[in-house]
Amino acid sequence: MRAHYEREHNRMNRELNRREFLKGIGLATAGAALYGCANPLRLAAKASKDRPPNFVVIFIDDMAYADVGPFGAKGYPTPNLDRMAAEGVRFTDFYAAASLCTPSRASLMTGCYPQRVGLPYVLGPNAKVGISDDETTIAQMLKPLGYATACYGKWHLGDHAEFLPTRHGFDEYFGLPYSNDMWPRHPENPQGYPDLPLVEGERVVAYDPDQTQLTTWYTERAVRFIEKNQDRPFFLYLPHSMVHVPLHVSDKFKGKSGKGLFADVVMEIDWSVGQILSTLTRLGVDKNTMVVFCSDNGPWLSYGDHAGSAGPLREGKGTTFDGGQREPTLFWWPGKIPAGRTCSEVASTMDVLPTIAGLTGAQLPQQKIDGKDIWPLLEGRPGAKSPHEAFFFYQGYALEAVRSGPWKLHFPHGYRTLGDGPRATGGIPAKYKQTKTDLALYNLETDIGEQHNVADQHPDVVERLQRLADAMRQDLGDEAKKMDGTGRRPSGRI
Ligand code: MG
């Protein structure tokens, strides 16, 4: 027994020495060295000023730019998101790195363009591909620092066991492994999908679950996870299944907006955000927790009154116009992120991973990533600029557009758009038609809706953006030019 205590004492001393050493060299991870060890130290460290921060990433499915109060939603309240914006920073030019679910999630989890990690397309049930074991997720990056990690919601980076969150850095998983419309009740393709699994860890606990409860179930688990891990650093990833069709809402919010089902569902998401923020505040860990709110892609416009609104932005989900990829994004961290600011610098889902690395001292992935640390933008450092000279808009492996500063250049490409028919209602989608754009240059500062092609007036800008695109084509390729690129890595495959 005594030998055990001596061993434990010596081990704790070594860890304390390591902490002093890390402090000495100015590493933000000093506290992290302690978290793998015994409970008394964890508790002591809760109050320590060098305890590494917690992270909560709330990722909504198919929520559009103007669906919440801070981004112009009208007619229904989102008080908790309003609070988050009032107490944090609102990003007006924040992009998902794709306009569809799987690739967008790949970019958030890995800090890479989805083309780099081999996941540029949406995965269906039983897909033979998924996230590669060679990629490093945010959760895997944080595990060596002693973080508790959980994912509650829609994963969509592969549904075979080796692709699930539990194999990619998450201690816990509960949710739908892919989209909630990939089930036998699909309005257009009921024969196309097997029963929809609800997964706990790696085990299916129900098929075709009651979707009215999804937002509540995810939220309750999130709150319990925060309560359980309040004395150690944690990373909570909360990718809601809503507001993706088929829309479902619990009795708590059914009819509450008076503006239809979509607004009810948004209000329940807002409630969920409120549960997270109030739990952090109640437990006294709010000042040590950064909360991110974002969405994976724009509105699925063909669903009419069951889709959101991109407001002034052009088009929606499945296109590389800003309506497809510019997301309503908030960052919240009382005392660290100044309250009530707006940032209009270009940033992206890919920046979340390296920003978390910068804040914790976690080791960045060994392989090349595309995201950048945007902490200077988050903390409102005077004069801070976007770290991205350019942001690239891919559809599959085709490079369709590039943005640099206010300028966005579209290369000639096809895209889907709605016809002039009546707006779809009740969850039955209208049909898209295919159309195309020629080369077109837009100034997003003066023309947020990408309406006025000014390529002829700015040949120098066109040339500069063409050059940036050419460099990217060498790296990640461009299907439209029959180029593969040298920087692509394979996805996982069974
Ligand atoms: Mg989506």
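A cavity is a set of points, on a 1 Å grid over the protein atoms alone, where a 1.4 Å probe fits but cannot get out, and its lining residues have an atom within 4 Å of a point. This is a predicted model, in which local features need pLDDT of at least 70 and side-chain atom pairs count only at pLDDT 80 or more, while totals for chains, interfaces and linings use all residues. Residues are numbered from 1 along each chain as its sequence is written, and side-chain values use heavy atoms, with hydrogens and water left out.

The structure holds three cavities of 30 Å³ or more, a volume being the space filled by probe spheres set on grid points that are joined across faces, edges and corners. About 40 Å³ is the volume of the largest cavity. Its lining consists of Asp62, Val243, His244, Val245, Pro299, Trp300, His306, Ala307 and Gly308. Sorted by class, these are five nonpolar, three polar and one charged; here Ala, Val, Leu, Ile, Met, Phe, Trp, Tyr, Cys and Pro count as nonpolar, Asp, Glu, Lys and Arg as charged, and the others, Gly among them, as polar.

Asp61 lies in the loop between β1 (54–60) and α3 (79–87), and Asp296 in the loop between β10 (289–295) and α8 (322–325), so the pair ties together parts that are 235 residues apart in sequence. Helices (H or I, at least four residues) and strands (E, at least two) are DSSP runs, numbered from the N terminus. Asp61 is buried, at a relative accessible area of 0%, and Asp296 is buried too, at 0%; buried means under 20%, exposed over 50% and partly exposed in between (1.4 Å probe, protein chains only).

Strand β1 also contains Asn54, which is buried with a relative accessible area of 0%.

Technical notes. 1 Å grid on protein atoms, 1.4 Å probe; cavity = no way out; pocket = protein on both sides within 12 Å on 5 of 7 lines; lining within 4 Å.
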